[in-house]
Amino acid sequence: MSEFWLISAPGDKENVQALERMNTVTSKSNLSNNTKFAIPDFKVGTLDSLVGLSDELGKLDISAESLIKKMAQSVVEVMEDAKGKVQENLLANGVDLTSFLTHFEWDMAKYPAKLPLVTVVDTLAKQLVQIETDLKSRTATYNTLKTKLENLEKKSMGNLFTRTLCDIVNKDDFVLDSEYLITLLVIVPKPKYTQWQKTYESLSDMVVPRSTKLIAEDNEGGLFTVTLFRKVIEDFKTKAKENKFIVREFYYDEKEIKREREEMTRLLSDKKQQYGPLLRWLKVNFSEAFIAWIHIKALRVFVESVLRYGLPVNFQAVLLQPHKKSSTKRLREVLNTTFRHLDEVAAASILDASVEIPGLQFSNQDYFPYVYFHIDLSLLD
């Protein structure tokens, strides 16, 4: 599973023994893999500042998770033709996300633990804001280019009634710059090819004999040229329609056709040029954002542990990876039983599913006698 539980318990002798019992039970019952999660000693500051940081870190946690989901989705969208290799670009410090999380080490160089907690949190917040700002700018530019290209490509799709003809017709297919003659394009259903060949010259006066030529086909019909005098255009269109031959309105403009072809070539080239740099940026900054997110989780554990267990700072954080979805209920029961002594009232409410106390309600979904945070990496699959 890609689901992890990050918990903490006081670091005194009684609770260290409780952690050991938890490890023994979860190991024997094959419920989870457990590893210590090292968190440095930070400058605690005042209780008021910790309460404020608790709220701020909660919001930052949500925004960081949202950001890495957006970045993961951007990688999927950019790698539209190589989606099987997406996970190769969703790494943290060059390793897969599970490995990074289970071997987490606080980055002292980037986020010095000797600085006040509020400074460390501010550094993380500013880093994520900058990444998100750059993400919006870079993906907007790429997506605008991609949309223009898709719109041009759509014009090359569809049937002969609607698709662009710029990549089909050639100058030699038309009589151009004539005062009297004009070449029309006519869509003929496939079952009527023979009828067209036999009758097109007589649909109207002044149709140039042997002037028709099939220049394109789709599943339903073919695109034929026919040359006639300009003065009989409307009469020819009317007679053609009566025979279910449809004249496609088209004017051969060499400059416009050249412009459209060059636009397609330019957009393809621009997309190719932007693809590499954008993917590299996403890969690097996804890693940075994910690393920042896990550091935020570590800070939340620290702050909540101090608020829950008090001073001096003394707690042990553990990362649990449930083996399978079906074992999470049993694992939760083991944890709640092991640590119920930390908060007898809350523990009783958990084991009783839900117990109301005047002014309070504890639910087995949102309160535990130990510090607990959930990390779900499957959301990035």
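Helices, runs of H or I with at least four residues, and strands, runs of E with at least two, are DSSP runs numbered from the N terminus. With these labels one can find one's way through the structure, which is a predicted model.

Strand β1, residues 3–10, runs antiparallel to β7 and is joined to it by 6 bridges. Within this pairing, Phe 315 of β7 stands opposite Pro 10. Strand β2, residues 32–36, is likewise antiparallel to β7, and 5 bridges connect the two. Here Leu 319 in β7 is the bridge partner of Thr 35. In a regular strand, side chains alternate between the two faces of the sheet.

The backbone deserves attention next. Most residues other than glycine have a negative phi, and most peptide bonds are trans. The bond from Leu 311 to Pro 312, however, is cis, with omega near -5°. Pro 312 lies in the loop between α7 (254–309) and β7.

Two further residues concern phi. Asp 177, in the loop between α4 (117–155) and β3 (181–189), has a positive phi near 55° although it is not glycine. Lys 244 also has a positive phi, of about 65°, without being a glycine. Its place is the loop between α6 (233–242) and β6 (246–248).

Are these two residues buried or exposed? A residue counts as exposed when its relative accessible area is over 50%. Asp 177 is therefore exposed, because its relative accessibility is 83%. Lys 244 is exposed as well, because its relative accessible area is 57%.

Definitions and conventions: Residues numbered from 1 in each chain as written. Predicted model: local features only at pLDDT ≥ 70, side-chain atom pairs only at ≥ 80, totals over all residues. Heavy atoms only, no water. Pairing = 2+ DSSP bridges. Buried < 20%, exposed > 50% of the residue type's maximum accessible area, 1.4 Å probe, protein only.
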